[in-house]
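Here are some worked exercises on reading a protein model. Try each task yourself before you look at the solution.

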Amino acid sequence: MGAWPGQRAWPGQRASAYLGLRTVARLVVPDFQAIAPLRAVEHIPATVPVLILAGGADDLARPEEAHALFERVRSHGRLEIFPGGDHHDLPAMDPDRYRRLVLDFCTAGKFE
């Protein structure tokens, strides 16, 4: 929605697209809040590791929302914030860090 990865959307472009999605979803999914990320993440078993990657400048999934998700999976999760990162550009912000985090998560499946 909005710009392609690596391109900047004009202010409000992506937010307006997601607003439409949120509005329509309420009509199609009667219990829309049941699939909200904060509620859904609570159902992830403690035996399942969770990696949350977030951009420090993300206006769609704001850093405080990532922190709230992490608080619900703290015992088996890890939160990594990319300062200055937007919603779609985390790999470009710090390619080595991004690659290392994802590969370590996929190969180890746990956190030290």
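**Exercise 1: Aromatic rings**

There is one aromatic pair here, going by a rule under which rings of Phe, Tyr and Trp (its six-membered ring) pair if their centres lie within 6.5 Å, with planes under 30 degrees apart called stacked, over 60 edge-to-face and the rest tilted. Before we dig in, note that this is a predicted model, where local features need pLDDT of at least 70 and side-chain atom pairs count only at pLDDT 80 or more, while totals for chains, interfaces and linings use all residues. Residues are numbered from 1 along each chain as its sequence is written, and side-chain values use heavy atoms, with hydrogens and water left out.

Task: work out how the rings of Phe82 and Tyr98 are arranged.

Solution. 
- Step 1: a pair of aromatic rings is described by the distance of the centres and the angle of the planes.
- Step 2: the centres of the Phe82 and Tyr98 rings are 6.3 Å apart and the planes meet at 55°, so this pair is tilted.
- Step 3: Phe82 belongs to strand β2 and Tyr98 to helix α5, so the pair ties together parts 16 residues apart in sequence. Helices (H or I, at least four residues) and strands (E, at least two) are DSSP runs, numbered from the N terminus.
- Step 4: Phe82 is buried, at 1% relative accessible area, while Tyr98 is partly exposed at 26%. Buried means under 20% relative accessible area, exposed over 50%, and partly exposed in between (1.4 Å probe, protein chains only).

**Exercise 2: One face of a helix**

Task: where do the buried residues of α3 fall, seen down the axis?

Solution. 
- Step 1: pick them out in α3 (residues 63-72): Pro63, Ala66, Leu69 and Phe70 are buried.
- Step 2: these buried residues fall within an arc of 115°, so they line one face of α3. The arc is that of the directions from the helix axis to the C-beta atoms.
- Step 3: see what that side packs against: the buried residues of α3 meet α2 (37-40), β1 (50-55) and β2 (77-82).

How values were computed
Contact = heavy atoms within 4.5 Å.
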